[in-house]
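Please keep the sequence and the model in view while going through the numbered points.

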Amino acid sequence: MREKILVTHKLPGKYIDRLRESYEVVVWDKRDIKREDLLKEVEGVVAVNGLLTDKFDKEVMDRAGENLKVIGNYEVGFDNIDLTEESKRGLVVTNTHAVG
């Protein structure tokens, strides 16, 4: 069984195809992911990639579980990520320094 990655939005280019070479990738292809959908879809993922509108807090990290290793932000900042909680868990957090 391959590890799962959740992407809360469509990404440009061939990024999703590249991820699918090694992972099971779930892409939320509807408009914006609602909180209840995020909490459901994030269960068991090793990584999640989201937007500034997606709040990655303790509740989301708890729901993802101990397999969660990476939170990626397709944004410049980290305002939507609880960095204190991330640090306690030893997660890797990334962002996009130049979106576009």
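**Note on side-chain pairs and cores**

1. Arg89 is partly exposed, with a relative accessible area of 30%. The structure is a predicted model, and the remarks below should be read accordingly. The side chain of Arg89 forms a salt bridge with that of Glu85, at 2.9 Å from N to O. Both residues belong to helix H4, where a spacing of four residues places Glu85 and Arg89 about one helical turn apart.

2. Is Glu85 buried or exposed? Glu85 is buried, having a relative accessible area of 9%, whereas Lys88 is exposed at 64%.

3. The bridges just described belong to a wider arrangement. Through shared partners, salt bridges link Lys58, Asp62, Glu85, Lys88 and Arg89 into one network. In general, side chains of opposite charge can pair when their charged atoms come close.

4. How many salt bridges does a search of the whole structure find? The search gives seven. One of them joins the side chains of Arg35 and Glu59, with an N to O distance of 2.8 Å. Arg35 is in helix H2 (residues 35-41) and Glu59 in helix H3 (residues 58-64), so this pair ties together parts that lie 24 residues apart in sequence. Both ends are partly exposed: the relative accessible area is 28% for Arg35 and 41% for Glu59.

5. Aromatic rings deserve a separate remark. The count of aromatic pairs is zero. A ring does, however, take part in a contact with a charge: the charged end of Lys30 sits over the ring of Trp28, at 4.4 Å from the ring centre.

6. Turning to the nonpolar residues, the largest nonpolar core contains 17 residues. Val42, Val48, Phe56, Leu68 and Ile71 have the most contacts inside this core. Helices H2 and H3 each contribute at least two residues to the core, and H3 gives the most, with three. In soluble globular proteins, nonpolar side chains tend to be buried together.

7. Which residues does Ile71 touch, not counting residues up to four places away in sequence? The list consists of Val48, Phe56, Met61, Ile81, Leu91, Val92, Val93 and Thr94.

8. The last point concerns Asn49, a residue of strand E3, which spans residues 47-50. Its side chain is joined to that of His9 by a polar contact of 3.4 Å. When neighbours within four places in sequence are left aside, Asn49 is in contact with Leu6, Val7, Thr8, His9 and Leu11, and also with Gly72, Asn73 and Tyr74.

Note on methods: Residues numbered from 1 in each chain as written. Predicted model: local features only at pLDDT ≥ 70, side-chain atom pairs only at ≥ 80, totals over all residues. Heavy atoms only, no water. Phe/Tyr/Trp six-rings, centres within 6.5 Å; stacked < 30°, edge-to-face > 60°. Lys NZ or Arg CZ within 6 Å of the ring centre and 35° of its normal. Salt bridge = Lys/Arg side-chain N within 4 Å of Asp/Glu carboxyl O. Buried < 20%, exposed > 50% of the residue type's maximum accessible area, 1.4 Å probe, protein only. Core = buried A, V, L, I, M, F, W, Y, C linked by side-chain atoms within 4.5 Å. Contact = heavy atoms within 4.5 Å. Polar contact = N/O pair within 3.5 Å; in protein donor to acceptor, adjacent residues only side chain to side chain.
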